[in-house]
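Dear colleague,

Please find below the structure that I am handing over to you, followed by an account of what was found in it. I would be grateful if you would read the two side by side.

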Amino acid sequence: MAFEGLADRLQSTMQKIRGKGKVTEADVKAMMREVRLALLYADVNLKVVKDFIKKVSERAVGQEVMRSLTPGQQVIKVVKEELTALMGGEQSKIAVSPKPPTVIMMVGLQGAGKTTTTGKLANHLRKKHNRNPLLVAADIYRPAAIKQLQTLGKQINMPVFTLGDKVNPVDIAKKAVEQARTDHHDYVLIDTAGRLHIDGELMDELKNIKDAVKPDEIFLVVDAMTGQDAVNVAKSFNEQLGITGVILTKLDGDTRGGAALSIRAVTEKPIKFVGLGEKLDQLEPFHPERMASRILGMGDVLTLIEKAQASVDEEKAKELEKKMRTMSFTLDDFLEQLSQVRNMGPLDELLKMLPGAGKMKGLNNIHIDEKQIRHVEAIIQSMTTEEKQKPEIINASRKRRIAKGSGRPIQEVNRLLKQFEEMKKMMKQMTNMQKKGKKRGALKFPFM
Amino acid sequence: MGFLDKFKEKFTSQTEAVTGKFKDGLLKTRQNLTEKVNDLVARYRKVDEEFFEELEEIFIQADIGFDTVIELVDELKMEAKRKKIQQSELLKEMIVEKLVEIYYGEDENISTLNLPDTGLAVILFVGVNGVGKTTTIGKMAYKLKSEGKRVLLAAGDTFRAGAIEQLEVWGDRTGVEVIKHQEGSDPAAVIYDAIQAAKSRKVDVLLCDTAGRLQNKVNLMKELEKVKRVIQREIPEAPHEVLLVLDATTGQNAMVQAKQFKEATGVTGIVLTKLDGTAKGGIVIAIKKELNIPVKFVGLGEKIDDLQPFDAEAYVYGLFAE
């Protein structure tokens with residue numbers, strides 16, 4: 001989880017205040033010291049931290065908190081509100097030019113992930129907005145950069161415009177836009193070479209591209225792991241080019257991502273997307289309010305629900321529920337359920353989104369082995385239809401066959417069958433409990 | 001204007017000269033350093049809380065780990081008290097010395113590569129995405145080749161689009177052969193083939209590229225462990241160096257990177273890239289202190305000869321530049 005560290009730290013700070021009847025000025029000061037530390041650990045720029053602390057302290061020491069009936073909670077609220085405000089308002093959309101094609105320029109330092117993000121953005125535009133983008137390879141400097149974009153283009157089946165690495169990027173951009181017009185592309189995504197914000201010559205090149213094609217959006221691509229220097233980079237690119245938005249990459253790492261706060265604070269430009277992996281569909285809109293919740297360790301429940309909705313078939317869920325109630329739940333259904341859970345993404349990531357999960361020490365280091373789930377699937381798939389419907393008929397000889405078929409030891413087959421039996425028992429109890437109006441009870445999955 | 005502003009002002013002009021030398025690969029002597037510090041004598045005023053606070057902020061903004069900063073500043077405070085230092089000039093010397101000390105300790109040669117005198121040397125390059133592994137390998141190949149070594153490259157990044165081609169371009173530029181498989185193939189198999197080829201061609205140094213990976217991706221880290229195992233199986237004392245390539249713009253996460261990659265592959269040194277920007281990569285000081293991994297080389301640009309041995313003194317002066 002991106003902001004894990006910050007969440008933990010703020011949470012332990014808040015714990016001290018929570019439950020207190022009265023907050024003294026000294027309390028607030030002590031807490032602000034912790035907040036400052038946490039933010040610095042998270043790579044938020046020092047100056048940004050200072051401003052933030054000042055603002056929060058003012059509000060916290062002011063009447064708002066001191067006179068409140070629940071001062072501790074009030075402080076948490078203030079910190080969260082200011083954090084959300086710092087990260088910007090609601091998520092933003094991508095511009096649509098009244099005169100197509102809409103031109104988007106991707107800029108940033110070397111290695112931030114511009115080329116990959118260009119591919120992801122193109123994929124996003126087509127899948128979510130039904131657009132037809134043209135990718136433009138304007139990085140003529142880095143060896144094989146053009147080839148990289150071409151390979152990505154092939155993966156998502158989209159055309160890539162290139163004039164090789166001997167033509168000036170400004171001309172490439174101009175010709176690409178002309179080409180897009182002829183071929184009726186509604187978006188043009190220009191992948192520029194990575195460059196240092198202090199490299200005058202290369203920054204001029206970007207300005208020239210900007211003047212030549214008048215882009216509707218200029219996205220600064222920034223590595224989420226960036227430290228204190230993020231402000232210098234963002235400021236410089238913004239002052240020289242006038243960026244319109246930011247895309248934060250590599251947020252699937254374990255960085256605390258304080259750079260997000262810094263960049264937003266110095267440029268006042270919205271963070272539009274975040275990159276969450278190396279696959280081309282791993283680009284997601286940035287949700288400041290959710291990120292703030294995450295920072296404060298309140299869990300990212302909204303994302304979890306969205307993921308569940310996207311991957312669980314409503315009809316199937318209802319059917320499953322009925323089967324559970326009528327006790328006709330079979331190994332087939334179990335298999336189905338497993339695959340639906342897996343569709344939601346890596347399990348340890350899902351776990352981390354749960355509220356409070358960041359605080360549970362054991363959960364922090366847990367790595368749910370996806371392989372184990374695949375083993376369970378293999379075992380079930382090695383059974384005959386009859387066996388899946390009526391597992392009780394599985395005798396020693398059948399077990400040997402299943403073990404052989406799935407390539408798993410016979411003990412694992414035994415364990416699975418036993419656990420499935422227990423699960424059914426538990427379902428029975430749960431249904432009974434529900435009938436009595438109680439709601440407690442937990443499902444135990446064989447792989448947990 | 002605080003004393004440190006003046007200090008910085010003075011140093012900014014000097015640092016350019018220092019960095020210039022750094023770039024030219026000139027090694028400065030300690031006397032040289034002392035001389036430069038002496039130049040500042042006149043500027044100094046008194047040592048007080050404000051001074052330490054400003055110092056702390058300079059360190060924080062250079063991405064030196066927070067714990068290290070607090071520790072450093074506390075030590076300096078104590079020493080200032082003990083030695084009854086009131087003039088900041090004397091303390092300045094201490095600051096630079098302390099930072100440099102972290103690097104050198106007893107051994108001044110930590111920034112050289114540990115390669116065997118005879119037989120094949122294997123260097124494995126690891127790191128997260130986009131730090132400049134492939135570029136660094138290209139530059140390293142050039143460097144070793146100009147030292148008269150026979151070099152071979154292994155295209156172990158079989159994942160990222162265009163990675164193999166990128167290494168091939170560097171191979172062409174440096175006149176060094178590249179052993180490769182197709183995109184998507186098993187990196188351990190590529191490395192295995194490269195070792196066999198290196199042995200039969202009597203190569204001196206084999207440089208192994210790997211795909212960038214975030215350190216919290218368990219499966220990918222396991223893949224890296226496997227690559228290392230394959231190398232060890234073929235040559236028990238190899239890899240002779242495992243170099244973690246680190247982007248100087250990275251913040252505190254670099255410590256986690258160093259820890260995890262060390263655990264998985266036994267990192268022996270760091271290559272700090274993109275130091276030609278405004279980022280300082282100060283976290284390497286904390287990494288040296290906590291994990292004892294030294295920086296061996298720094299990347300100062302995109303040109304083929306922009307890889308330089310790390311010079312702690314020049315680097316420490318650089319920390320104070322704006």
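This is a predicted model: local features need pLDDT of at least 70, side-chain atom pairs count only at pLDDT 80 or more; totals for chains, interfaces and linings use all residues.

In what follows, two strands pair if DSSP finds at least two bridges between them.

Chain B holds an open sheet of eight strands, arranged in the order 3-2-4-1-5-6-7-8 with mixed pairing. Its edge strands are strand 3 (177-179) and strand 8 (307-309) of chain B, each of which pairs on one side only. From one strand to the next, the twist averages 25 degrees. At one end of the order, strand 7 (residues 295-299) and strand 8 of chain B pair in the antiparallel sense over three bridges. Within this part of the sheet, Gly299(B) stands opposite Leu307(B), which belongs to strand 8 of chain B.

Helix 6 (residues 133-146) of chain B packs on this sheet. The strands of chain B that helix 6 touches are strand 1 (121-126), strand 2 (151-154), strand 4 (205-208), strand 5 (241-247), strand 6 (269-273), strand 7 and strand 8. The direction of helix 6 makes about 170 degrees with that of strand 4 of chain B.

The sheet of chain A

In chain A, eight strands form an open sheet in the order 3-2-4-1-5-6-7-8, and the pairing is mixed. Strand 3 (160-161) and strand 8 (283-285) of chain A stand at the edges with a single partner strand each, so one side of each has no neighbour in the sheet. Strand 1 (residues 102-108) and strand 4 (residues 187-192) of chain A pair in the parallel sense over five bridges. Val103(A) has Val188(A), in strand 4 of chain A, as its bridge partner.

Two helices of chain A may be described against this sheet. Helix 6 (residues 114-129) of chain A packs on the sheet and touches, among others, strand 5 (217-223), strand 6 (245-249) and strand 7 (271-275) of chain A; its direction makes about 170 degrees with that of strand 4 of chain A. Helix 8 (residues 169-182) of chain A also packs on the sheet, touching strand 1, strand 2, strand 3 and strand 4 of chain A, and the direction of helix 8 makes about 165 degrees with that of strand 2 of chain A.

The interface between the chains

Contact between the chains involves 37 residues of chain A and 40 residues of chain B. Together the two chains bury about 3400 Å², 55% of it on carbon and sulfur atoms. On the side of chain A, Pro143(A), Met225(A) and Glu278(A) lose the most area to chain B, together 17% of what that side buries.

Between chain A and chain B there are 14 residue pairs in polar contact. Helix 2 (25-41), helix 3 (46-61) and helix 7 (145-155) of chain A each supply at least two residues of the side that touches chain B. Helix 7 of chain A gives the most, with five residues. By class, this side of chain A has twelve nonpolar, 14 polar and eleven charged residues.

Salt bridges

The count between the two chains is two salt bridges. The side chains of Asp252(A) and Lys217(B) meet in a salt bridge at 2.6 Å, N to O.

Over all chains, the whole structure has 26 salt bridges. Within chain B, the side chains of Glu71(B) and Lys289(B) meet in a salt bridge at 2.4 Å, N to O. This pair links distant parts of the chain, with Glu71(B) in helix 4 (residues 66-82) and Lys289(B) in helix 11 (residues 283-291) of chain B, 218 residues apart.

With kind regards

Definitions and conventions:
Residues are numbered from 1 along each chain as its sequence is written. Chains are lettered from A and ligands numbered from 1 in the order in which they are written. Side-chain values use heavy atoms; hydrogens and water are left out. Helices (H or I, at least four residues) and strands (E, at least two) are DSSP runs, numbered from the N terminus. Axes are lines fitted to C-alpha atoms, for helices over the stretch in contact, and angles run from 0 to 180 degrees between N-to-C directions. Contact means heavy atoms within 4.5 Å. Buried area is the accessible area (1.4 Å probe) that two parts lose on being put together, summed over both. A salt bridge is a side-chain nitrogen of Lys or Arg within 4 Å of a carboxyl oxygen of Asp or Glu. A polar contact is a pair of N or O atoms within 3.5 Å; within protein, one must be able to donate a hydrogen and the other to accept it, and residues adjacent in sequence count only if both atoms are side-chain atoms. Ala, Val, Leu, Ile, Met, Phe, Trp, Tyr, Cys and Pro count as nonpolar, Asp, Glu, Lys and Arg as charged, and the others, Gly among them, as polar.
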